[in-house]
Amino acid sequence: MSENESQNKNQIALKLNNISKVFVSKFEKLVALRHISFVVKKGEFVSIVGPSGSGKSTLLNIIGALDRPTNGTVSIGGVNISSLKDNEIAYMRNRLIGFIFQSYNLVHRMSVQKNVELPAMVSGINRSDRNRKSLALLQALGIKDKAKLKASNLSGGQQQRVAIARALMNNPTLILADEPTGNLDTKTGAEVFDLLKNLSRKYRRTIVMVTHNPELAGQTDRIIFIKDGTIEKEVVN
Ligand SMILES: Nc1ncnc2c1ncn2[C@@H]1O[C@H](COP(=O)(O)OP(=O)(O)OP(=O)(O)O)[C@@H](O)[C@H]1O
Ligand SMILES: [Mg+2]
């Protein structure tokens, strides 16, 4: 590999090569994604936009190794996750990916701080390092005073901040967010989005976000428009 090629490779956080996904049931075969290829550079903030049912969540779940493609490969930080076994995938997901969901997906009965620490518990980080890191993240996200509360006692916007802290806990190569502002009112949604934008601009985090909100998509580096499971167009902002 030439020096140039290896430098380019180092700048790539995510590479999708010819991804297809077919859902097969007793009654039908549904092609949810067809021939999706794109690259996301390190530090890039990309949004994915498209009509309901166009395949956005299916795509994000495949990128995040929550689901497998029918065809094609996904590489994150140079690791081809499509070729891994299930137990290896769980390991890589825990280290490479931070996932933020529309409905926060926190463990309600656990404290805020424990929720944030979950990925680090899975990867075996010791308690004092976990505590230090989780409190620092909660502080950065403006909810350190909520650390000991049960997650279910927080407002939606606060819960999403907890989910962002959790996504950052293991320093992932890639942050994935599926409609992270979808359950929030306009003002709270804008605040949560600004946190993601700040992660991108200030800390050079790589983020792929699905959104229905054209105003938010317009503030990311690039918009990938999905229609009927294919890339309709891309717009660089
Ligand atoms: N597990 C599954 N089994 C069968 N079909 C599925 C499954 N998951 C998704 N689909 C189908 O794949 C297509 C794409 O769904 P997907 O959830 O990716 O859409 P989306 O773009 O995220 O929509 P929305 O904006 O409403 O969230 C839909 O037709 C959906 O019904
Ligand atoms: Mg969806």
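This is a predicted model: local features need pLDDT of at least 70, side-chain atom pairs count only at pLDDT 80 or more; totals for chains, interfaces and linings use all residues.

Student: Okay, which element gives the largest share of the shell around ligand 1?

Tutor: That's α2, with three residues. Both β2 (29–41) and α2 (56–63) supply at least two residues of that shell.

Student: And which residues surround ligand 1?

Tutor: The list is F23, L30, A32, G50, S52, G53, S54, G55, K56, S57 and T58.

Student: How does the shell around ligand 1 divide into nonpolar, polar and charged?

Tutor: Three of its residues are nonpolar, seven are polar and one is charged.

Student: Switching to sheets. What's the strand order in the four-strand one?

Tutor: It runs β2-β1-β4-β5, an open sheet with antiparallel pairing. The edges are β2 and β5 (79–80), each with a single partner strand, so each has one side without a neighbour in the sheet.

Student: How many bridges join β1 to β2?

Tutor: Nine, with β1 (residues 12–24) and β2 running antiparallel. They form a hairpin, with four residues between the two strands. If you want a spot to look at, I19 has I36 in β2 as its bridge partner.

Student: And at the other end, how many bridges do β4 and β5 pair over?

Tutor: Two, again in the antiparallel sense, with β4 covering residues 71–76. There, I76 stands opposite V79 of β5.

Student: What about the sheet with six strands, what's its order and pairing?

Tutor: That one is open too, in the order β6-β7-β8-β3-β9-β10, and its pairing is mixed. β6 (97–100) and β10 (230–236) are the edge strands; each has a single partner, so one side of each lacks a neighbour in the sheet. From one strand to the next, the twist averages 20°.

Student: In which sense do β6 and β7 pair?

Tutor: Parallel, over four bridges, with β7 spanning residues 174–178. F99 stands opposite L176 in β7.

Student: Which strands does α2 touch on that sheet?

Tutor: α2 packs on it and touches β3 (45–49), β7, β8 (207–210) and β9 (222–227). The direction of α2 makes about 155° with that of β8.

Student: Helix packing next. At what angle do α4 and α6 pack?

Tutor: About 30°, with the axes 7 Å apart; α4 is residues 112–122 and α6 is 156–168. Angles under 35 degrees count as roughly parallel, so α4 is roughly parallel to α6. On the α4 side the contact uses V112, N115, V116, L118 and P119, and on the α6 side V162, A165 and R166. By class that's six nonpolar, one polar and one charged.

Student: And how does α4 sit against α5, at what angle?

Tutor: About 125°, with the axes 9 Å apart, where α5 is residues 127–140. That makes α4 oblique to α5. The crossing is right-handed.

Student: Which residues make that contact?

Tutor: From α4, V112, Q113, V116, E117, A120 and M121; from α5, R130, K133, S134, L137 and L138. The classes come out as six nonpolar, two polar and three charged.

Terms used:
Residues are numbered from 1 along each chain as its sequence is written. Chains are lettered from A and ligands numbered from 1 in the order in which they are written. Axes are lines fitted to C-alpha atoms, for helices over the stretch in contact, and angles run from 0 to 180 degrees between N-to-C directions. Angles under 35 degrees count as roughly parallel, over 145 as roughly antiparallel, 65 to 115 as roughly perpendicular and the rest as oblique. Two residues are in contact if their C-beta atoms, placed from the backbone, lie within 7 Å. Ala, Val, Leu, Ile, Met, Phe, Trp, Tyr, Cys and Pro count as nonpolar, Asp, Glu, Lys and Arg as charged, and the others, Gly among them, as polar. A residue is near a molecule or strand if its C-beta atom, placed from the backbone, lies within 6 Å of it. Two strands pair if DSSP finds at least two bridges between them. A crossing is left-handed if the near helix is turned anticlockwise from the far one by less than a right angle, and right-handed if clockwise.
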